[in-house]
Amino acid sequence: MGIIFQILVVYFLLLVSCSANKNVPAFFTFGDSLVDVGNNNYLQTTAKGNYFPFGIDFGNNPTGRFSNGRTTFDILQQELGFTHFTPPYLAPTTVGEALLQGVNYASAGSGIFNSTGYLFGDRINFDTQMSYHGRTVLAIMSRIIPAAQKLLRRAIYGVAIGSNDIMFKESAPVAMSEEAFLDFLISRLKSALTTLYNLNARKIIVTNAGACGCIPFEKDIHPVPKGSCVRLINRLAHTYNDKLKGMLAELNKDLQGAKFIYVDIYRIILDLTNNYVSYGFENATSACCWSAVGRGGLLPCNPLSKVCPDRSKYIFWDVFHLTDAANVIAARHMMDGGLNYTSPMNFRQLVQS
C-alpha cells in the first residue's frame with residue numbers, strides 16, 4: 001500500500017505540473033540583477049555573478065545569478081511546473097524552440113533610465129530589453145503562426161526594475177527635482193508596459209522598488225543605528241511605489257483584458273528584516289558573502305570573500321541581494337499572499353484567471 005500511495009502522489013504531482021504548464025506556456029523576464037540569470041556574462045561589465053561563491057547552492061554552479069541560489073522568478077517558474085528555467089536572451093543557445101518557454105532579458109545594473117548603472121559598464125538597458133522582446137515575439141510568430149497570439153497572451157511577464165534608479169539617482173541624465181525624477185520614471189515604465197501589452201502581453205507582474213535603505217550596501221555607506229535603515233532612500237522608494245501602484249491601476253482600467261499585478265517587494269523586505277526570527281533567520285543585517293568590515297556592504301561578493309556556513313540563516317546573500325532562503329519567502333508571498341503583498345490579486349490567482 002505504501003508503494004501504491006507513493007506512486008499516486010507522484011502521479012498527482014505530475015498532473016499538477018502539467019496543468020500549470022498548460023495554463024502558463026512561457027515566462028518572460030525583464031529587469032535588473034534581482035532577476036538576471038546570466039545575460040551579463042556576455043557583456044563588458046563589472047556587474048557579473050558568474051564566479052564562485054555565487055551559485056554555491058545552485059549545484060555549486062555560478063550561472064550569472066546574483067545569489068547563492070535561485071531568484072524569486074526562478075522559484076515562481078518551479079511552482080508553475082517548469083522543468084527548466086527560462087534562459088538568458090544573450091546565450092547563443094537561446095534560439096528556436098527555446099524561445100517558446102520564455103526568455104530572460106534582465107541585466108544587472110540596469111534601470112528604467114537607460115543611463116542608470118553606467119558606472120558598472122555595459123548592461124542591457126530597459127529600452128533594449130523591450131526591443132529584444134519585440135524580436136522574440138517576431139521569432140515566435142514566424143515559428144508557430146497560428147498559436148503565437150494564444151501563447152503570448154497566456155504567458156507570464158515578470159518586470160523587476162527601478163531599485164537601481166532609486167539607489168543611483170545621481171546617474172539620471174539631467175538634474176531633476178525628486179518629484180520630476182519619480183514622475184519621469186513612472187512615465188517611462190508606463191510606456192514600456194503599454195508596449196508589452198501591444199505585443200500581446202496580458203498577465204504582467206511588476207515588482208516595486210525594494211526597501212533599498214535596508215540593504216548592507218546602503219547601511220555601510222550611510223551608517224545608521226542598529227536596527228535602522230537609511231530613511232532618505234526608503235522614503236524615495238516609498239514615494240515611487242505609491243506612484244507605481246496608481247499607474248498600474250490605471251493600466252488595468254484602460255487596457256482591455258490587461259492584468260497588471262503590483263508586487264510589494266518593499267513591504268516583503270521590511271517584513272523579513274523586522275520579523276526575521278519568526279521566519280527562521282538569525283541575521284537580518286549583514287551579507288552572508290562578506291568582504292571588509294561592518295555589515296560586509298563596502299565591497300561586492302568576490303572569490304576572496306568569506307561565506308557564512310549556513311546560508312539559510314541569512315536574509316542577505318551579498319551587499320545588494322537576498323539569499324535563496326529569503327527569495328523563497330518572497331516568492332511565497334507573491335504566490336499566495338494577500339492584498340498587503342500583491343494587488344489586485346496574487347500570482348496564483350493571476351495564473352488561474
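A residue counts as buried when its relative accessible area is under 20%. The structure here is a predicted model.

**Aromatic pairs**

- Phenylalanine 30 and tyrosine 105 are both buried.
- The model holds 14 aromatic pairs.
- In one of them, the ring centres of phenylalanine 30 and tyrosine 105 are 5.0 Å apart and the planes meet at 25°, so this pair is stacked. The cut-off behind that label is an angle under 30 degrees.
- Phenylalanine 30 belongs to strand E1 (residues 27–31), while tyrosine 105 sits in the loop between helix H2 (72–80) and helix H3 (126–143); the pair therefore ties together parts that are 75 residues apart in sequence.
- Phe30 and Tyr105 also belong to a cluster, linked by ring pairs, that takes in Tyr89 and Tyr132 as well.
- Another pair, phenylalanine 217 with phenylalanine 320, is tilted, with 4.8 Å from centre to centre and 40° between the planes.
- This second pair links distant parts of the chain, 103 residues apart: phenylalanine 217 is in helix H7 (residues 216–221), and phenylalanine 320 is in the loop between strand E8 (314–316) and helix H10 (324–336).
- Phenylalanine 217 has 17% relative accessibility and so counts as buried, whereas phenylalanine 320, at 24%, counts as partly exposed.

**Charges over rings**

- Lysine 169 lies over the face of phenylalanine 181, and the distance to the ring centre is 5.1 Å.
- Arginine 202 lies over the face of tyrosine 197, and here the distance to the ring centre is 3.8 Å.

**Disulfides**

- The whole structure contains three disulfides.
- If the bonded cysteines are numbered in sequence order, they pair as 1-2, 3-6 and 4-5.
- Cysteine 214 is bonded to cysteine 229, with 2.1 Å from S to S. This link is right-handed, with 105° about the S-S bond.
- Cysteine 288 is bonded to cysteine 308, with the sulfur atoms 2.0 Å apart. This link is left-handed, with -95° about the S-S bond.
- Cysteine 288 is in the loop between E5 and strand E6 (289–290), and cysteine 308 is in the loop between strand E7 (306–307) and E8, so their bond ties together parts that are 20 residues apart in sequence. Both of these cysteines are buried.
- Cysteine 289 is bonded to cysteine 301, and their sulfur atoms are 2.0 Å apart. The torsion about this S-S bond is about 80°, so the disulfide is right-handed.
- Cysteine 289 lies in strand E6 and cysteine 301 in the loop between E6 and E7, so the bond ties together parts that are 12 residues apart in sequence. Cysteine 289 and cysteine 301 are both buried.
- Cysteine 212 is in no disulfide, and the nearest cysteine sulfur, that of cysteine 214, is 8.9 Å away. A disulfide would need the two sulfur atoms to be within 2.5 Å.
- With a relative accessible area of 4%, cysteine 212 is buried.

**Strand E5**

- Strand E5 (residues 283–287) is mostly covered, since four of its five residues are buried.
- E5 pairs with E8 in the parallel sense, over two bridges.
- Asparagine 283 has tyrosine 314, in E8, as its bridge partner.

**Helix H3**

- H3 has 18 residues and spans 26 Å from its first C-alpha to its last, close to the 26 Å expected at 1.5 Å a residue.
- The buried residues of H3 are Phe126, Gln129, Met130, Tyr132, His133, Gly134, Thr136, Val137 and Ile140.
- In general, an α-helix has 3.6 residues a turn, so residues three or four places apart point the same way.

Definitions and conventions: Residues numbered from 1 in each chain as written. Predicted model: local features only at pLDDT ≥ 70, side-chain atom pairs only at ≥ 80, totals over all residues. Heavy atoms only, no water. Phe/Tyr/Trp six-rings, centres within 6.5 Å; stacked < 30°, edge-to-face > 60°. Buried < 20%, exposed > 50% of the residue type's maximum accessible area, 1.4 Å probe, protein only. Lys NZ or Arg CZ within 6 Å of the ring centre and 35° of its normal. Pairing = 2+ DSSP bridges. Expected span 1.5 Å × (residues − 1).
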